[in-house]
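This briefing is for a reader who is new to the structure shown below.

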Amino acid sequence: MTELERAKLIKDACDARQKAHAPYSKFLVGAALLTESDEIIVGSNVENASYGLTICAERVAFGTAIASGHRRFQVLAVATAGGHAPCGACRQVASEFCDDLLVLLIDADRPDRVIETRLTELLPGRFVFSPAE
């Protein structure tokens, strides 16, 4: 990933965060997913009054990417106030498509402050379904 691609990914995640629907928690999250073909797919969290129906920004981005035909990814950028990591469910969803995805954790209040990590660090011992043959 070039510095220009990295900067665009960070900007797109921060921009997606501004489109979040978070009237209950006020916790805005934006995600930008870089596909293997260098396309950026974004997502923002969508809360619901029935909290269990809330959809995380990361899963919105993955769902949109999958619906668009993408199956391989290079980088996931996540923008939150404070630069928080994805929840466990989002980590597991990402692991379905990426063994060791690069993850950028962006502090939306200070977007120059980005922590780089890997999915394997965020989700050691991930669940892998191996059906009996």
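The model is predicted, so local features need pLDDT of at least 70 and side-chain atom pairs count only at pLDDT 80 or more, while totals for chains, interfaces and linings use all residues. Residues are numbered from 1 along each chain as its sequence is written, and side-chain values use heavy atoms, with hydrogens and water left out. The chain has four helices and five strands; helices (H or I, at least four residues) and strands (E, at least two) are DSSP runs, numbered from the N terminus.

**Overall fold**

- Starting at the N terminus, the order of elements is α-β-β-α-β-α-β-β-α.
- The C-alpha trace of the chain spans about 50 × 40 × 30 Å along its principal axes.
- The radius of gyration of the chain is 14 Å, which agrees with the value near 14 Å for a compact globule of 133 residues. This radius is taken over C-alpha atoms, and the globule rule is 2.2 Å times the number of residues to the power 0.38.
- Of the 133 residues in the chain, 42% are buried. Buried means under 20% relative accessible area, exposed means over 50%, and partly exposed lies in between (1.4 Å probe, protein chains only).
- Among contacts between residues at least 6 apart in sequence, 60% join residues at least 24 apart; a contact means heavy atoms within 4.5 Å.

**Salt bridges**

- Side chains of opposite charge can pair when their charged atoms come close. The rule used here asks for a side-chain nitrogen of Lys or Arg within 4 Å of a carboxyl oxygen of Asp or Glu, and the count comes to seven salt bridges.
- One of them joins the side chains of Glu 116 and Arg 6, at 3.2 Å from N to O. This pair links distant parts of the chain, with Glu 116 in strand 5 (residues 114-118) and Arg 6 in helix 1 (residues 3-17), 110 residues apart. Glu 116 is partly exposed at 47% relative accessibility, whereas Arg 6 is buried at 18%.
- Arg 126 forms a salt bridge with Asp 99, and their closest N and O atoms are 2.7 Å apart. Arg 126 lies in the segment after helix 4 (119-122) and Asp 99 in the loop between helix 3 (88-97) and strand 4 (102-107), so this pair ties together parts 27 residues apart in sequence. Arg 126 is partly exposed, with a relative accessible area of 28%, while Asp 99 is exposed, with 56%.
- Arg 118 and Asp 100 also form a salt bridge, with 3.4 Å between the closest N and O atoms. Arg 118 is in strand 5 and Asp 100 is in the loop between helix 3 and strand 4, so the parts tied together are 18 residues apart in sequence. Both are partly exposed: Arg 118 has a relative accessible area of 30% and Asp 100 has 34%.

**A buried glycine**

- Gly 30 is in strand 1 (residues 30-35) and is buried, at 0% relative accessibility.
- Leaving aside residues up to four places away in sequence, Gly 30 touches Ala 13, Ala 16, Arg 17, Gly 43, Ala 57, Ala 77, Val 78 and Ala 79.
- Gly 30 and Ala 79 are 49 residues apart in sequence, yet 5.1 Å apart in space from C-alpha to C-alpha.

**Pocket and cavity**

- Rolling a probe the size of a water molecule over the atoms shows where empty space is left.
- On a 1 Å grid over the protein atoms alone, a cavity is a set of points where a 1.4 Å probe fits but cannot get out; a pocket is an open set with protein on both sides within 12 Å along at least five of seven lines, and lining residues have an atom within 4 Å of a point.
- The largest pocket has a volume of about 170 Å³. Grid points are joined across faces, edges and corners, and a volume is the space filled by probe spheres set on the points.
- The largest pocket is lined by 14 residues, and Phe 27, Val 29, Cys 56, Glu 58 and Cys 87 lie nearest its centre. Helix 2 (57-67) and strand 3 (73-80) are the elements that give two or more residues to this lining.
- By class, the pocket lining has eight nonpolar, four polar and two charged residues. Ala, Val, Leu, Ile, Met, Phe, Trp, Tyr, Cys and Pro count as nonpolar, Asp, Glu, Lys and Arg as charged, and the others, Gly among them, as polar.
- The structure holds one cavity of 30 Å³ or more, and the largest cavity has about 40 Å³ of space.
- Residues lining the largest cavity are Glu 58, Leu 76, Pro 86, Cys 90, Arg 91, Ala 94 and Leu 119. Helix 3 gives the most to this lining, with three residues.
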